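I opened the model to follow up a few points in turn. My notes are below.

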Amino acid sequence: MGHRLSKIYTRTGDDGTTGLGDGSRIDKDHHRMESIGTVDELNSVIGLLMAELPSDDAYMALLARIQHDLFDLGGELAVPGYTMISAERIGELETSLDELNEDLPPLKNFILPGGSKTAALCHMARSVCRRAERCLVALNKTDEVNATGRQYLNRLSDFLFVMARLLARRNGGQEVLWLQADKR
């Protein structure tokens, strides 16, 4: 990072545009900015989830790494053509996902967001992650986007789903199962 922000407001965005890392300017409602903003929102929701977990929770280091990955992805999006997310990170996420999923029973029904506050926050992060993935897909229709970033988000949403299942089951808790209308 070459320049530190000593003054937060610049007034350069007052015309509805924003600057990218390569010096170009785009409209604030451009698909690229929607993608950057949604990845940032996802990172914020994960931060909220982390604030609800004990500081010594086993998931904290993994979630912190994910936050750094998401910041990297935002940087990648802010500099068109720049790549920061590697296939190696996807592999590491898949390994963690497999380890977490090992002890869970197979799904026999859909799960509703809830079960505990942390599980619900994890489901919220998962749903924002899915939206971020959709934003990158939309952006890729007009501007080339690193496919690895999209794949990372796809795997991350699966990871967050499994983590939500585990968080709901903590301390004797339960997942909230969806019931068909005729069984409610």
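Where does Asn109 lie? I found Asn109 in the loop between helix 3 (87-101) and strand 3. I am working from a predicted model.

Next I looked up the cover on Asn109. Asn109 is partly exposed, because its relative accessible area is 29%, which falls between the 20% and 50% cut-offs.

Then I listed partners. Leaving out residues up to four places away in sequence, Asn109 touches Leu177 and Trp178. The Asn109 side chain reaches the backbone oxygen of Trp178 at 2.8 Å. I also checked Leu48, 61 residues apart from Asn109 along the chain. The C-alpha atoms of Asn109 and Leu48 are separated by 28 Å.

I noted a nonpolar patch of about 360 Å², made by Phe110, Leu112, Val176 and Trp178. Leu112 sits in strand 3 (residues 111-112). Its relative accessible area is 35%, so Leu112 is partly exposed.

I turned to the interior. In soluble globular proteins, nonpolar side chains tend to be buried together. Here the largest nonpolar core has 45 residues. Those with the most contacts inside this core are Leu42, Leu63, Ile66, Leu70, Leu156, Phe159 and Met163. Helix 1 (31-52), helix 2 (60-78), helix 3, helix 4 (117-140) and helix 5 (147-169) each supply at least two of the core residues. Helix 5 gives the largest share, eleven residues.

Last, I took Phe159. Which residues is Phe159 in contact with, leaving aside neighbours within four places in sequence? I logged Leu62, Ile66, Leu93, Ser96, Leu97 and Leu100.

Key:
Residues numbered from 1 in each chain as written. Predicted model: local features only at pLDDT ≥ 70, side-chain atom pairs only at ≥ 80, totals over all residues. Heavy atoms only, no water. Patch = residues over 30% accessible without salt bridge, like charges linked within 9 Å, V, L, I, M, F, W, Y side chains within 5 Å. Areas by Shrake-Rupley, 256 points an atom, 1.4 Å probe, with all protein chains shown as cover. Salt bridge = Lys/Arg side-chain N within 4 Å of Asp/Glu carboxyl O. Helix = DSSP H or I, 4+ residues; strand = E, 2+ residues; numbered from the N terminus. Buried < 20%, exposed > 50% of the residue type's maximum accessible area, 1.4 Å probe, protein only. Contact = heavy atoms within 4.5 Å. Polar contact = N/O pair within 3.5 Å; in protein donor to acceptor, adjacent residues only side chain to side chain. Core = buried A, V, L, I, M, F, W, Y, C linked by side-chain atoms within 4.5 Å.
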